[in-house]
Amino acid sequence: MVCNMSNSDWEVVIGLEVHAQVSSKSKLFSGAATEFGAEPNTQVSLIDAAMPGMLPKLNKFCVEQAVKTGLGINATINLESRFDRKNYFYPDLPQGYQISQFYKPVVENGNLMITLKDGTTKNISIERIHLEQDAGKSLHDQSPKHTFIDLNRSGIALMEIVSRPDLRSSEEAAEYMKKLRSILRYLGTCDGDMEKGSLRCDANVSVRKFGAPLGTRCEIKNLNSIRYIVKAIDYEVDRQISVIESGGTISQETRLFDVATGETRTMRSKEDALDYRYFPDPDLLTLKIDEGFIDGIRKIMPELPEQKIKRYTETLGLSAYDAEVLTAEKESADYFEEVIKEAEPKMAANWIMGELFARLKKADLEIDASPIAPKTLAKLLKLISSDVISGKIAKDVFEIMFTSGRDPEEIVETENMKQVTDLSAIEALVDKIITDNADKVAEYKSGKDKLFGFFVGQAMKASGGKVNPDILNQMLKDKLSK
């Protein structure tokens, strides 16, 4: 049983091994398709099924995606790398080994900057990215007596992205995963869909007294959501501290996270590298790439989140917070950039982060499914900035746009929502408010300044919220001061 004791005397050490499925239409060593959700065993080549005599052929596109990802995390791209056989038995691994890159990965020594909730930043080192093939899938829920094997996933290209043990809390691990996912999605090298298993991670967790040697680590396998990563690590940290504080020792092992109980439990004892009997795959030549290949990829690198944040703050005048929020998801940044082609950036940021995000959340929609297209939102913002409608009326127009998909200009015109800016009309309205509320005017003039809001409210109510607030406020002040 795990005790919730204070962890203040203990240092948590975490390293993440992230498996990112390469966004490729064909597999790492065969031309079989990789479409998610296909009928079982309909996307399997003779190579994926490990038929005797079959020879793997490396998919160049997958190598390009690994190199692009390496450039995205400021890593060294190795001009020579090698594929090895990692030997182990799984029912859904017909070869009896996995082709991976243990000795010489294609990417090494990268880093990634994370920002924590308190605003502090931390640089996390990334040891390597190596390419490897995925295994198949065992289906245990098709029959009460039998397990079936689906080899559609067998041979799909994975990038295993291995951090150094620089993470010190579940929060840091979560922020690392968020930032890494964001970079992968910006690069287009992995779709980052954790629900479909395109992105999942193993967390290596240990604890030690501050200044002591590293503790024995336990590996928590196949975490496929940020929430589960946090829960699994927090539980495991408490468990390890509890065991040690009770006089026990931590065994090196692989553990599974049970989402129903929120606990980790033993899966198997943890193997060491020697147990896998790695050796170079005799069917594959050394992978050699040249500087020209890398430069070609470098030239087509998209603007990444950190670069966007810098541009948004330095060129567009957004706050660091706004820039962080808008760039957290590629789709949000893309939407914002479309809007500001025709609207002022700060106003666009406020409306996207305020009205649009709130409305999308209420409707349980992602921004790429927004009923309001970026150009349509820009039209609405132009109506505000040109004083055709007030900000208050704009919120009503926005709601109609969201629910009906109608054009904002058409809404304003047909619903008679244009802002009143005619000075004589506003003056007549102000005079009537003052005349009808002589007692309040007397109180205001005797020193009750807070009553000013009352007059504004009365004028807005009488005009249906359409009077220009700046003109109204100034005219009211002038008349009430006489």
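Select M54: at 32% relative accessibility it counts as partly exposed (between the buried limit, under 20% relative accessible area, and the exposed one, over 50%; 1.4 Å probe, protein chains only). This is a predicted model, in which local features need pLDDT of at least 70, side-chain atom pairs count only at pLDDT 80 or more, and totals for chains, interfaces and linings use all residues. Residues are numbered from 1 along each chain as its sequence is written, and side-chain values use heavy atoms, with hydrogens and water left out.

M54 lies in the loop between β1 (10-21) and α1 (60-72); helices (H or I, at least four residues) and strands (E, at least two) are DSSP runs, numbered from the N terminus.

Nine strands make up an open, mixed sheet, ordered β2-β6-β7-β10-β1-β11-β12-β13-β14; two strands pair if DSSP finds at least two bridges between them. At the edges stand β2 (76-77) and β14 (263-269), each with a single partner strand, so one side of each has no neighbour in the sheet.

Now zoom in on β11 (residues 199-209) and β12 (residues 218-223), which pair in the antiparallel sense over four bridges. Pick V205 and look for its bridge partner in β12: that is C218.

Last stop: S332, in helix α7 (residues 330-339). Is S332 buried or exposed? At 7% relative accessibility, S332 counts as buried. Show L326, F357 and I367 too: beyond its neighbours within four places in sequence, these are the residues in contact with S332 (heavy atoms within 4.5 Å).
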